[in-house]
Amino acid sequence: DALVDEIEGCLTDPDRAVYHAKRLFDLAGKVHHLQPSEWNDLWKGQDERREDSGNRPSAARHSVESFVQSVLLVMERHETVRSVLLRVLAKLAVVGKNGLGAACLTG
């Protein structure tokens, strides 16, 4: 998933964190304008089915939580991209699929 790739780029390549944050911002803008029917494609690489126990979160929900935690970690480490990443979370807050919007608001 492109969103995950860019935030991981911020973590693995700190010298280019601004570059990756800008790309993530651009991607979040595209997601912001998607129709709700198109949200299913956001985590299409993830298995939407529940694991053996109905209480375990889906793989997609786990990916959402991991993504938001990574964004928060980068915000703590790189002051230069903090405002851009805050705007990324704001843009993604409209997505109701797999708890992404709620995770962005409560992060």
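The largest nonpolar core here has 27 residues, and Ile7, Phe67, Leu85, Leu92 and Leu100 have the most contacts inside it. A nonpolar core means buried Ala, Val, Leu, Ile, Met, Phe, Trp, Tyr and Cys residues joined through side-chain atoms within 4.5 Å; buried means under 20% relative accessible area, with a 1.4 Å probe and protein chains only. Two or more residues each come from helix H1 (2-12), H2, helix H3 (59-77), H4 and helix H5 (100-106). Helices are DSSP runs of H or I, at least four residues, numbered from the N terminus.

This is a predicted model, where local features need pLDDT of at least 70, side-chain atom pairs count only at pLDDT 80 or more, and totals for chains, interfaces and linings use all residues. Residues are numbered from 1 along each chain as its sequence is written, and side-chain values use heavy atoms, leaving out hydrogens and water.

Now a pair of helices. The axes of H2 (residues 17-32) and H4 (residues 82-92), lines fitted to C-alpha atoms over the stretch in contact, come within 9 Å and cross at roughly 15 degrees. That makes the two roughly parallel, a label for angles under 35 degrees between N-to-C directions, on a scale from 0 to 180 degrees.

Next, Leu92. Beyond neighbours within four places in sequence, Leu92 is in contact (heavy atoms within 4.5 Å) with Ala28, Val31, Phe67, Leu100, Gly101 and Cys104.

Is Cys104 buried or exposed? Cys104, in helix H5, counts as buried because its relative accessibility is 8%. Its C-alpha atom is separated by 6.5 Å from that of Val68, 36 residues apart along the chain.

Terms used. Parallel < 35°, antiparallel > 145°, perpendicular 65-115°, else oblique. Buried < 20%, exposed > 50% of the residue type's maximum accessible area, 1.4 Å probe, protein only.
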